[in-house]
Amino acid sequence: MKRLPLPRPLIESLVTISIGLVAGALLMLLFDYNPVQAYRALFVGAFGSLEDILETLAFATPLMLTALTFAVGVRGGLFNIGAEGQMYLGAIGATFVAGLLPLPPGLHLAAATAAGMLFGALWAVPPALLKAWRGVHEVISTIMCNWIAFYLATYLAINFLAEPGRAERTAPALVTARYPVLTEDASLTAAIFVALAFCLVVYLYLWGTRAGYELRLAGENPDAARYAGVKGGKVILLSFAIGGLAAGLAGATQIIGRPPAWSLYATLGNVITLGFDGIGVALVGRNHPIGGVLAAVLFGALAHGGRFMEYHAGVLSELVRAINGLIVITLAVPELWMLARRRFSR
Amino acid sequence: MKSRLWLVALVTAFVMLLIPPYAQTPAPAAAKPFKIAVVSDVGGRGDLSFNDMAFKGGEDAERDFGVRMVELVSKVEADYVPNLTTAARDPDVQLIVGVGFLLSDALAQVARKFPNKNFVGIDTFSQFIVKDKFPAQYPLLNLMDIVYEEHKGSALVGALGTLLAAQYNKPFIGGVFGIEIPVLWKFEIGYKWGARWATEWLAKNKPDKAFKYNTGFVLWTYTGTFSDIPKGYAAAKAMYAKDAVAVYNIAGPLGLGINQAVQEIARARGLKTGPPFWIGVDANQDWINPGFIIASMMKRVDKGVYFATKSVKDGKFRGVVKQINGTLVLGLGTKVAGELTEGISVSTLADLNEFVSMGQNAEKLTGKKVLPASPADIRARVKAMRDAQPPWVWSAVAELEKLIRDGKVQVPFVFTKPDIEKWRKELG
Amino acid sequence: MSPQPRVEMRGIHKVYPDGTVALRGVDFRLQQGEIVGLLGENGAGKTTLMKILSGLLRPTRGEIMVDGSLAHFRNPSDALRVGIGMVHQAFNLVPPYTALQNIVLGQEGAGPLASFRTDEPRRRVAALLTETGLEIPLDDPVESMPIGVQQRVEILKTLYRGTSVLILDEPTSALAPVEVHDLSQFLKRLRAGGKSVVFITHKLKEVLELSDRVVVLRNGQVTGEIATVQATPEGLAEMMVGRKVVARVSRAARPPGAPVLVVRDLRAANDQGAPAVKGLSFEVRAGEVFGIAGVEGNGQSELVQALTGLRPPTGGEITLDGTRLLNLNPLELYRRGLGHIPEDKARFGLALNFDLAENSILSRQGERTFLGALGRLNWGRILAYARDLVERFKVLAPNVRTVVRSLSGGNQQRLLVGRELSKQPVVIVAVHPTRGLDIASTVYIRELLMQMRDDGKAVLLISADLDEVVELSDRIAVMYEGVLIGAAKTEEFTREEIGLMMGGITPKGSAYETPASAPAAD
């Protein structure tokens with residue numbers, strides 16, 4: 001860890017968080033709400049009891065992974081916004097293995113997790129190849145892949161994976177393929193440890209290996225990377241593959257790591273937008289794997305604590321969303337600014 | 001150094017926010033307040049149908065029983081459990097309503113965790129989940145699923161549409177559906193079954209207007225969305241282009257798209273009233289464009305919420321749950337303890353006012369114009385439209401309703417893949 | 001001189017926001033019906049001065065008089081209003097539009113139908129064409145025209161807006177010789193019509209051919225002003241090149257060794273696909289510095305990139321120690337002993353947002369010394385190596401985990417040069433190695449290069465700084481329009497001769513001759 005100057009960005013982030021909160025407070029004052037009361041409800045709601053903390057972390061779990069997808073892309077010089085679709089496919093992969101393949105305990109859970117990651121990674125391959133071979137811009141191709149994934153996943157969920165008699169969702173994960181719940185009736189499962197471990201591994205990979213160094217160099221300065229003999233195509237493929245694994249894992253955690261449904265809804269309602277939210281999380285987390293974990297907790301807190309703003313401080317739910325959005329935008333501005341500057345300075 | 005100070009200040013601020021738990025407004029020494037909490041599904045408030053109907057039920061209960069309603073809007077599926085939990089943790093809340101079948105799992109989980117609170121699910125099947133997973137606890141006495149016989153209501157509007165096709169000598173009726181999930185299959189097959197019943201009725205009673213049912217008569221499209229209004233417009237436009245006399249909305253807000261397609265034709269031909277018509281769903285949607293919505297298949301979600309609140313208020317909730325084994329069916333001619341508790345009907349002029357005032361409420365809430373005309377004007381135009389149809393149309397629908405209520409005919413209830421395949425082969 | 005100049009600039013100073021001083025009190029005058037050549041090296045301030053005159057930049061200090069009265073230009077339109085217009089090096093044309101559409105673009109007049117009424121503009125443009133003697137196919141799309149014709153469109157566009165003071169920035173840089181001739185005819189017609197022209201150039205020959213008067217800028221100051229009839233190439237070259245005072249590095253005489261880097265008939269294209277390196281041949285021997293001087297933009301960048309594997313050559317061959325090198329990537333080249341100090345360190349040499357340690361292994365990241373098992377980086381060794389570099393090459397930095405962006409340019413360059421030298425190359429290609437550096441760093445880096453030479457390495461020095469080339473090189477050539485002219489021992493040239501060659505004039509009458517080997521006949 002000594003290799004990374006963590007504290008400075010962290011302090012900067014805390015400063016921007018307070019700016020974001022002030023911005024949200026101004027919005028509330030404009031609409032005649034008491035911001036102190038509302039924020040108190042938000043914080044107590046998100047962190048006030050063990051139960052709430054676990055709930056907040058449950059919301060954070062998939063987000064730290066989809067944030068990783070975007071972050072690894074940016075580190076490699078790519079705007080990979082395909083986390084959404086890769087995550088759908090990850091959910092499908094996990095659903096298939098967890099719900100329909102009876103396997104011995106232990107192995108089953110591992111296989112379902114691996115299937116999710118693999119499906120996510122495979123879905124990331126076409127845009128990567130298109131970029132490497134034909135120079136197709138990844139923003140375009142990943143958006144298209146997101147839509148294809150949406151319809152593909154819906155189709156598979158309804159026609160092949162549906163639970164008999166309850167076809168609005170897929171067959172639930174068999175008990176052998178479920179991550180254990182951390183406390184009784186909590187939404188948080190041991191899946192969060194897998195997610196954290198994955199983020200840590202990616203961090204160590206990016207900053208501690210030759211391949212990670214080359215990936216970051218290609219993102220930081222493509223000309224210098226060429227000078228250093230880094231092969232562009234390899235970096236693109238690698239960055240997409242890691243991103244796909246992360247997004248696929250995110251999708252899997254929502255199936256085999258999140259009660260009560262343990263399955264995928266035919267509307268994809270229990271995974272939808274998690275991939276896009278990851279972009280915001282990544283920006284707040286400065287496109288850093290560890291920063292992304294912290295930012296995901298913040299997002300989780302807003303997602304879970306937001307309902308208490310509504311419930312206890314009476315803030316209109318639309319306004320809660322607006323305030324959360326405002327906080328997130330404020331937080332993302334520095335990183336967005338950096339990205340934009342880097343683009344134009346080339 | 002400067003940033004260090006910042007950090008200290010921030011941490012202090014966070015800690016201060018955490019220390020005093022949010023001040024519960026000190027409860028007045030008087031009677032214990034009675035709150036009901038309504039947890040919406042991701043559709044949320046303002047859909048002018050399903051979710052709004054649930055809130056309407058809560059408002060009616062507020063008015064009649066002096067309870068207070070709190071709302072929790074779910075933004076994502078993952079909000080269901082925490083939203084239900086939040087409501088259950090409020091000591092004043094005695095009844096928690098979960099709106100929508102997607103809350104089934106969440107309700108089963110949270111209801112087991114809070115045995116002292118009462119839970120109601122609209123369209124849910126939580127008790128089946130309890131039965132499946134925890135057979136010893138079934139039925140959970142603090143949990144009631146309320147389900148509706150939409151297949152029967154759909155059969156009625158299917159018949160109505162078909163009779164109008166006969167009257168105006170039109171070749172088709174249509175249906176615009178949302179995402180293809182099994183819940184919609186009962187609407188689909190009920191609608192088609194009603195259409196076929198109507199052709200048989202015509203053959204017997206109106207031979208001059210009669211035609212033979214065929215599998216192409218009902219045009220139907222699953223748009224794959226419950227929110228993308230332009231898709232509803234596109235689907236309906238294609239149906240009206242084939243000269244369908246009426247199109248049934250089974251996709252919530254997509255009804256606005258269907259309405260747009262109708263409005264386009266009306267403007268082009270200078271029509272003041274249909275045909276073409278469309279058919280509303282869930283709420284009484286007849287006021288949305290008076291003269292062009294021939295009727296609505298009403299699913300009285302509000303009555304379910306109202307009934308549940310009343311039974312909690314009267315201390316009868318758990319008794320009822322025990323008696324009905326956890327699932328309350330509201331439909332045509334359904335009864336609880338000998339008392340008629342219905343929840344499905346074809347809209348009438350009589351219940352229009354209630355829903356016009358729902359529109360007025362929405363106007364107050366959003367500050368935007370919702371009603372297309374003054375309430376009196378709406379009423380006059382809907383009445384004129386209904387009066388313009390021949391009486392035998394309405395009496396035939398009434399006849400089917402009676403047959404269903406008396407159990408003389410059985411509308412197929414479709415919920416499985418083999419069933420839907422079988423019925424589609426038969427009805428198209 | 002006529003009493004009232006058309007335009008007069010007095011005491012113009014310009015300091016850019018980043019602190020660069022571009023102009024230090026320049027006076028400039030232009031009479032009606034006069035063609036002035038504005039001559040100077042890269043960075044002398046020519047373009048800055050003209051951008052100020054055309055309203056694109058605002059002077060930090062100084063004033064502009066037009067027809068005797070004070071003018072304040074907030075933007076180019078203000079300048080256009082008093083008849084001053086500039087044609088830039090990069091054209092502002094809409095490629096799919098026709099010449100006519102481009103010329104009248106933005107001047108169609110008022111009203112929604114204006115753009116359809118092309119009769120009136122067409123008449124006006126046709127009149128302009130006769131007046132100036134230009135020929136342009138008005139209804140062809142601009143993208144189908146050769147560069148020279150596009151330039152005429154651009155010039156007409158400016159004239160159409162009522163310009164009577166025309167400023168041309170390096171107008172001949174993209175033109176073929178025939179087109180240059182046409183341009184000269186055209187400028188003379190303009191002059192006959194009472195218009196005034198300023199053109200920016202660094203080519204002596206053109207100044208002598210085209211202008212009535214020459215103004216020479218160097219380092220932000222006017223170093224000479226002379227009527228063209230009185231000017232000699234030698235005089236102009238000296239005004240342009242001058243002498244800069246920098247502490248000198250001593251170069252001991254040393255017999256050169258065997259050829260190490262041998263280049264034969266090398267060809268390369270620029271980014272637009274046009275030939276930029278047109279059959280170069282030279283060799284660099286062990287223990288010598290071979291210097292290539294020349295004004296930038298004459299193919300040096302393409303040459304360097306072709307040599308270092310960053311740009312595939314279109315022909316010719318390169319041998320290093322007897323091994324042919326073609327189509328190798330930079331990493332493979334470096335493994336064979338090629339070191340490279342790139343011209344743009346922020347682009348090719350360093351990752352500015354990485355720290356010193358990370359930059360110290362850039363291009364060495366695959367070496368076993370720096371790796372552990374499973375491709376892990378051995379940070380212990382990397383940090384030790386980075387510390388060693390910092391110490392040996394006197395890089396001033398808080399520590400090796402400092403982000404390189406926060407270092408001064410001199411320290412960045414020390415790090416880069418140190419890294420390249422520590423690779424123990426056989427040949428080092430150094431491009432503008434001291435540009436933008438403070439004097440201390442400049443001297444230090446020049447000393448390092450000399451030390452390389454004295455250690456028996458071959459050094460190829462490519463620089464736009466004539467003093468640097470003269471000071472360091474054992475042999476010198478000048479690169480001009482893609483070829484080398486006059487390669488010989490440094491002592492055989494005078495500075496003035498080199499200045500002339502940089503301006504495209506070959507001394508001793510032998511044009512485009514390279515002693516090492518004649519370009520392949522084509």
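**Loops, sheet and helix packing in a predicted model**

Pro139(B) is placed in the loop between helix 5 (126-133) and strand 5 of chain B, where helices (H or I, at least four residues) and strands (E, at least two) are DSSP runs numbered from the N terminus. The peptide bond that joins Tyr138(B) to Pro139(B) is cis, with omega about -10 degrees. The structure is a predicted model, in which local features need pLDDT of at least 70 and side-chain atom pairs count only at pLDDT 80 or more, while totals for chains, interfaces and linings use all residues. Residues are numbered from 1 along each chain as its sequence is written, chains are lettered from A and ligands numbered from 1 in the order in which they are written, and side-chain values use heavy atoms, with hydrogens and water left out.

A cis peptide bond is also found in chain A, from Pro259(A) to Pro260(A), with omega near 0 degrees; Pro260(A) lies in the loop between helix 10 (232-256) and helix 11 of chain A.

In chain B, six strands form an open sheet in the order 2-1-3-4-5-11, with parallel pairing, two strands being counted as paired if DSSP finds at least two bridges between them. Strand 2 (68-72) and strand 11 (327-330) of chain B are the edge strands, each of which pairs on one side only. From one strand to the next the twist averages 20 degrees. In general, strands of a sheet pair through backbone hydrogen bonds, either parallel or antiparallel.

Strand 1 of chain B runs parallel to strand 2 of chain B and is joined to it by five bridges, and Ala37(B) has Val70(B) in strand 2 as its bridge partner. Five bridges likewise join strand 1 to strand 3 of chain B, again in parallel, with Val39(B) opposite Gly98(B) in strand 3. Strand 1 of chain B is mostly covered, since five of its five residues are buried, a term that means under 20% relative accessible area, whereas exposed means over 50% and partly exposed in between (1.4 Å probe, protein chains only). Lys35(B), Ala37(B) and Val39(B) point one way from the strand, and Ile36(B) and Val38(B) point the other way. Further along the sheet, strand 4 (residues 118-122) and strand 5 (residues 143-148) of chain B pair in the parallel sense over four bridges, and Gly121(B) has Asp145(B) in strand 5 as its bridge partner.

In chain A, the axes of helix 3 (residues 50-75) and helix 11 (residues 274-284) come within 7 Å and cross at roughly 70 degrees; axes are lines fitted to C-alpha atoms, for helices over the stretch in contact, and angles run from 0 to 180 degrees between N-to-C directions. The two helices of chain A are therefore roughly perpendicular to each other, the class for angles of 65 to 115 degrees. Among the residues that meet are Pro62(A), Leu63(A) and Phe70(A) in helix 3 and Leu274(A), Ile279(A) and Val281(A) in helix 11 of chain A, contact meaning heavy atoms within 4.5 Å.

Two residues other than glycine have a positive phi: for Asn169(B) the value is near 55 degrees, and for Leu374(C) it is near 60 degrees. Asn169(B) is exposed, with a relative accessible area of 69%, and Leu374(C) also counts as exposed, at 80% relative accessibility.

Methods: Angles under 35 degrees count as roughly parallel, over 145 as roughly antiparallel, 65 to 115 as roughly perpendicular and the rest as oblique.
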